[in-house]
Amino acid sequence: MSRVSKDVRTFPVVSRKDTHLDALRRHPNPLAAAIGQSIYATLNYTVTEEEEGWIDRIEAHRAELSQSEERVVCMDYGAGKRDSRRTAQEMAVGVAVENTVGHFCRVSSKGARWCVLLFRLIRAVRPHSCVEMGAAVGISAAYQAAALHLNAAGSLITMEGAAPLAAVARQTLHHLGLDNATVMAGKFMDTLPSVLKHQPPIDYVFVDGHHDEAATQAYAEQLFSFLADQALLVFDDIAWNQPMKGAWQAIANDDRIHLAIDLGTIGIGLVAPTYRGPRFVSFPLE
Ligand SMILES: C[S@@+](CC[C@H](N)C(=O)[O-])C[C@H]1O[C@@H](n2cnc3c(N)ncnc32)[C@H](O)[C@@H]1O
């Protein structure tokens, strides 16, 4: 058993037998079913040899980056710690943080099992125009770009405020030979309008940065205007603190989301006007 498959198997076993999950993966709406199948395949760690090759290469690179002693000074335009309560002005100005690349890789990157879920989602849903908000050193971006590469369709723009991390993310993608992903450096508030304007209608977004209630809702609002007819909005850390729970509740209840799936840490909002079925589904994986 590989390190990744062991990590994926630490998701609670009970959720593998969840009846809501069974209903979702057999849903007549193809996108809803694809999401259900992705979750199911993640929990069972169903991967082909080619997929496992990519996962192993990305994880080998993560392990290498985690050891990096290179020191960098990063501007943090995010919400800080769970209880920081930074003002909008403070977040716009940013806070300088100095540490090693290894540290940023270890503390910022999504764990392998969640990255496998993102990978599986992209493999199953087959989006064309993908955006990630929050690249850090490019680990989740690599998983998503690898899935697009295997789909032989689609591209990813990943956005990062800290210039030194954006540079590492670029190296990560280059090192792995993933030329279907581009890193956009800069604050989301500055870069998101042009990313949205210059991308074809977006059908997949992973929001994994700036965990502030008002900012998260404002980004969702901006995103809605540029989505394809059918799209997936994936939000990380929806239960990180009370304000993030509030942001997810507001997004999940928005009329433009037809199905909101709460996985505990990650929330998936499906935009699919033809979807008929339960409006909210919840199977916490943690
Ligand atoms: C949790 S990390 C992303 C991890 C990455 N998705 C992964 O799993 O490999 C969040 C990143 O978002 C960036 N970020 C936070 N707020 C931002 C903002 N307002 N503008 C641009 N980048 C921001 C941070 O610098 C940080 O590197």
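Buried means under 20% relative accessible area, exposed means over 50%, and partly exposed is in between, with a 1.4 Å probe and protein chains only. Tyr45 sits in the loop between helix H3 (30-43) and helix H4 (49-66). Helices (H or I, at least four residues) and strands (E, at least two) are DSSP runs, numbered from the N terminus. Tyr45 is not a glycine, yet its phi is positive, about 45°. Most residues other than glycine have a negative phi.

A word on the source. This is a predicted model, in which local features need pLDDT of at least 70 and side-chain atom pairs count only at pLDDT 80 or more, while totals for chains, interfaces and linings use all residues. Residues are numbered from 1 along each chain as its sequence is written, and side-chain values use heavy atoms, with hydrogens and water left out.

Arg85 also has a positive phi, near 50°, and is a residue other than glycine. Is Arg85 buried or exposed? Arg85 counts as exposed, because its relative accessibility is 51%. Its place is the loop between strand S1 (71-76) and helix H5 (88-93).

Now the domains. The assignment for the protein chain gives domain 1 (3-62 + 106-282) and domain 2 (63-105); such bounds come from an automatic or database domain assignment. The C-alpha centres of the two domains lie 21 Å apart. Between them, 25 residues of domain 1 are in contact with 22 residues of domain 2, where contact means heavy atoms within 4.5 Å.

Next, the cores. A nonpolar core is a set of buried Ala, Val, Leu, Ile, Met, Phe, Trp, Tyr and Cys residues joined through side-chain atoms within 4.5 Å. Which residues touch the most other members of the largest nonpolar core? They are Ile35, Ile39, Tyr143, Leu263 and Ile268, out of 69 residues in that core. Helix H7 (residues 112-125) gives the most to this core, with 10 residues. The core draws at least three residues from each of domain 1 and domain 2. Apart from it lies another core of 27 residues, including Met159, Ala220, Ile251 and Ile257.

Back to Leu263. Not counting residues up to four places away in sequence, Leu263 touches Ile39, Trp114, Leu117, Ile268, Phe283, Pro284, Leu285 and Glu286. Phe283, one of these partners, is found in the segment after strand S10 (280-282). At 2% relative accessibility, Phe283 counts as buried. With neighbours within four places left aside, Phe283 is in contact with residues including Asp18, His20, Leu21 and Leu24. The C-alpha atoms of Phe283 and Phe104 are separated by 30 Å, and these two residues are 179 residues apart along the chain.

On to the ligand. How many residues surround it? There are 21, and the closest are Lys110, Gly134, Ser140, Glu160 and Asp208; a residue is counted as near a molecule if one of its heavy atoms lies within 4 Å of it. An oxygen atom of the ligand is 2.7 Å from a polar backbone atom of Lys110. A nitrogen atom of the ligand lies 2.9 Å from a backbone N or O atom of Gly161. For Gly78, a backbone N or O atom lies 3.5 Å from a nitrogen atom of the ligand. The protein covers 91% of the 610 Å² of accessible area that the ligand has on its own. Accessible areas come from the Shrake-Rupley method with a 1.4 Å probe; for residues, only the protein chains shown count as cover.

Lys110 is found in the loop between helix H6 (101-108) and H7. Lys110 counts as buried because its relative accessibility is 11%. Its side chain makes a polar contact of 3.0 Å with the side chain of Asp236. A polar contact is a pair of N or O atoms within 3.5 Å; within protein, one must be able to donate a hydrogen and the other to accept it, and residues adjacent in sequence count only if both atoms are side-chain atoms.

Asp236 lies in the loop between strand S7 (227-235) and helix H12 (242-252), and at 3% relative accessibility Asp236 counts as buried. Leaving out residues up to four places away in sequence, Asp236 touches Lys110, Phe206, Val207, Asp208, His211, Met244, Thr265 and Ile266.

Last, Asp255, in the loop between H12 and strand S8 (259-262). Asp255 is exposed, with a relative accessible area of 69%.
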